[in-house]
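Let us read this model feature by feature. Each turn takes up one topic.

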Amino acid sequence: MPFLDRLQRWADERPDSTAVVVAGQGLSWEQLRDAAAMQVPAAPAVTLLSEANSVQFAVSLAASVAGARQCAVLDPTWPRPLQEAIAGRITESVRPGPLKPEPGDGLSDGLFDGRPDSPFLIGLTSGTTSVPKAFTRTRRSWQQSFDASIEFFGLTADDKTLAPGPLAASLNLYALAECLYAGSEFHTLEDFDVGDAHAAVVHDGISRLVLVPTMLRLLSERGLAGGVDAAGIRSIVCAGSKLDARTLEAARRWAPNATIFEYYGASELSFVAGAGLLPGEQPRLGGTGIGKPFPGVEIRILDGAGAQVPEGSDGNVCVRSGMVSDGYLWGDDGEALQCFDGWYTVGDQGYLADGTLHLLGRRSDMIITAGTNVYPHEVELALASVPGVASAVAAGLADDLRGQRVVAAVLPSHGGITATLLKAGVEDVLARSKRPLEYFAVTELPLTDRGKLSRQLLLDWIAGSDPRIRRLG
């Protein structure tokens with residue numbers, strides 16, 4: 001991984017300064033370097049790292065990518081048969097490079113970075129019931145990602161970052177590696193707990209949060225209710241989905257001095273586009289704009305044949321940068337990561353307007369109603385900006401006349417939500433052809449067993465008159 005040479009540097013320059021803290025247990029830069037270096041000789045050509053959050057995770061990660069080694073980080077909560085299946089696929093698919101130095105390499109069996117163009121990370125898409133797809137990343141691609149994200153987010157050596165999620169998740173794994181590269185103190189928890197996260201913010205001097213929107217909402221709303229002081233947080237980096245109005249408002253009140261960043265990226269593409277909302281700056285609620293391209297990234301919108309579409313027209317969001325992955329080891333169906341003459345896409349749809357990327361969602365989610373293309377994500381963002389709405393989900397219901405009709409369900413933040421209020425709330429945000437024709441209220445969001453929003457489950461609830469959903473008049 002392209003942070004080991006930097007780790008050596010920080011250990012030499014600031015040996016006693018803190019590098020990593022997990023649930024109150026910390027390692028200095030010197031301790032982290034020395035512990036990882038001791039582990040390197042026993043590290044195999046390819047490591048399957050399946051560990052819960054701990055300081056040992058950071059040690060094992062560093063050792064497992066030294067020299068020409070490669071590492072696959074597995075979620076330790078995945079079932080044992082799934083992990084064994086992944087191990088078998090890796091054994092069949094990966095051809096490790098030489099671990100011992102070759103003439104001119106300048107490498108040894110120590111804690112040093114391998115060649116920039118060599119693969120080091122085997123990334124895995126999340127999954128619990130089938131073997132996830134696997135892709136590879138080179139050391140150079142992550143170094144370029146580090147340089148881009150450090151510039152974009154303004155990360156400094158004085159920051160203390162808290163990423164309270166599991167290190168097996170790509171967002172938190174990257175945050176750990178990014179901090180090691182930047183010489184910046186990294187914190188996490190054994191498991192996500194609101195109280196423990198608040199304690200770290202207050203007592204450990206956390207200045208930066210890296211997390212998903214659901215965690216940000218919990219920390220912000222409970223922090224406001226409990227009087228937890230977050231004035232010292234100067235930046236919040238949020239990924240996973242665009243921030244809804246309620247989460248953004250709560251985060252702004254709880255951490256009034258923070259720049260709130262949201263961005264679009266994918267594991268296979270790395271960073272694509274994003275924006276930072278400065279303290280006191282008012283957001284444009286309900287919009288689909290995600291921001292400008294990251295440093296070193298070019299964006300084009302291409303159709304299914306690879307032709308560029310006019311500005312303002314939607315199509316495949318395609319990128320060209322040095323941060324893109326090498327492709328898949330297995331699981332490539334020809335659709336997951338496509339390349340059009342050097343422009344890569346994972347199938348997300350969007351459009352460009354005045355240099356800003358607007359993200360609409362996956363083509364497979366698109367609703368076609370009376371000849372109009374409607375993306376549920378756009379409808380959901382508009383509804384989430386309506387006062388009284390905590391969350392929203394939209395889908396296309398079969399319709400003999402229109403083909404499909406747009407329907408939406410909302411999770412109210414308080415009682416009294418009506419279809420009339422929802423219709424009025426989206427009138428100035430959504431074109432008439434994109435507005436839902438029916439509204440429902442739900443007692444809980446329709447989620448898969450992996451916690452992801454399920455539009456099909458919403459349709460099943462409607463068809464089956466599920467008690468968790470009721471039609472709004």
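A: Start with pairing: two strands pair if DSSP finds at least two bridges between them. Strands (E, at least two residues) and helices (H or I, at least four) are DSSP runs, numbered from the N terminus. In this structure, Ala 72 has Ile 122 in E5 as its bridge partner.

Q: What should I know about the model before going on?
A: The model is predicted: local features need pLDDT of at least 70, side-chain atom pairs count only at pLDDT 80 or more, and totals for chains, interfaces and linings use all residues. Residues are numbered from 1 along each chain as its sequence is written, and side-chain values use heavy atoms, with hydrogens and water left out.

Q: In what sense do E4 and E5 pair, parallel or antiparallel?
A: Strands of a sheet pair through backbone hydrogen bonds, in either a parallel or an antiparallel way. Strand E4 (residues 70-73) and strand E5 (residues 119-124) pair in the parallel sense, over 2 bridges.

Q: Which sheet holds them, and in what order do its strands come?
A: The order is E3-E4-E5-E6-E16. These 5 strands form an open sheet with mixed pairing. Strand E3 (46-49) and strand E16 (327-330) are the edge strands, and each pairs on one side only. Neighbouring strands are turned by 30° against each other on average, direction ignored.

Q: Which helix packs on this sheet, touching E3 and E4?
A: Contact means heavy atoms within 4.5 Å. Axes are lines fitted to C-alpha atoms, for helices over the stretch in contact, and angles run from 0 to 180 degrees between N-to-C directions. Helix H3 (residues 55-64) packs there, touching E3 and E4. Its direction makes about 145° with that of E4. Helix H4 (residues 80-93) lies across E3, E4, E5 and E16. H4 runs at about 110° to E16.

Q: Where can I see a hairpin?
A: Look at E1 and E2, which form a hairpin with 2 residues between them. Strand E1 (residues 18-22) and strand E2 (residues 25-28) pair in the antiparallel sense over 4 bridges. Val 20 stands opposite Leu 27 in E2. In the turn, Ala 23 has a positive phi of about 50°.

Q: What is the strand order of the open sheet of 4 strands?
A: The order is E23-E24-E25-E26, and the pairing is mixed. Strand E23 (389-399) and E26 stand at the edges with a single partner strand each, so one side of each has no neighbour in the sheet. The twist averages 30° from one strand to the next. Strand E24 (residues 403-412) and strand E25 (residues 438-442) pair in the parallel sense over 4 bridges. Ala 408 has Tyr 439 in E25 as its bridge partner. Helix H11 (residues 419-426) packs on this sheet and touches E23, E24 and E25. The direction of H11 makes about 115° with that of E25.

Q: How do I check the span of a helix such as H5?
A: The expected span is 1.5 Å times one less than the number of residues. Helix H5 (residues 139-153) has 15 residues, so it should span 21 Å, and its end C-alpha atoms are 21 Å apart, which agrees. Gly 154 follows H5, with a positive phi near 70°. Helix H6 (residues 170-182) has 13 residues and should span 18 Å; its end C-alpha atoms are 18 Å apart, which agrees. Gly 183 follows H6, with a positive phi near 75°.

Q: How many residues of H6 are buried?
A: Buried means under 20% relative accessible area, exposed over 50%, and partly exposed in between (1.4 Å probe, protein chains only). In H6, 12 of the 13 residues are buried, so the helix is largely enclosed by the rest of the structure. Among them are Leu 171, Glu 178 and Cys 179. The buried residues of H5 include Arg 139, Trp 142 and Phe 153.

Q: Is Ala 370 buried or exposed?
A: Ala 370 counts as exposed because its relative accessibility is 60%. Ala 370 lies in the loop between strand E21 (367-369) and strand E22 (372-374). Its phi is near 50°, a positive value in a residue other than glycine.
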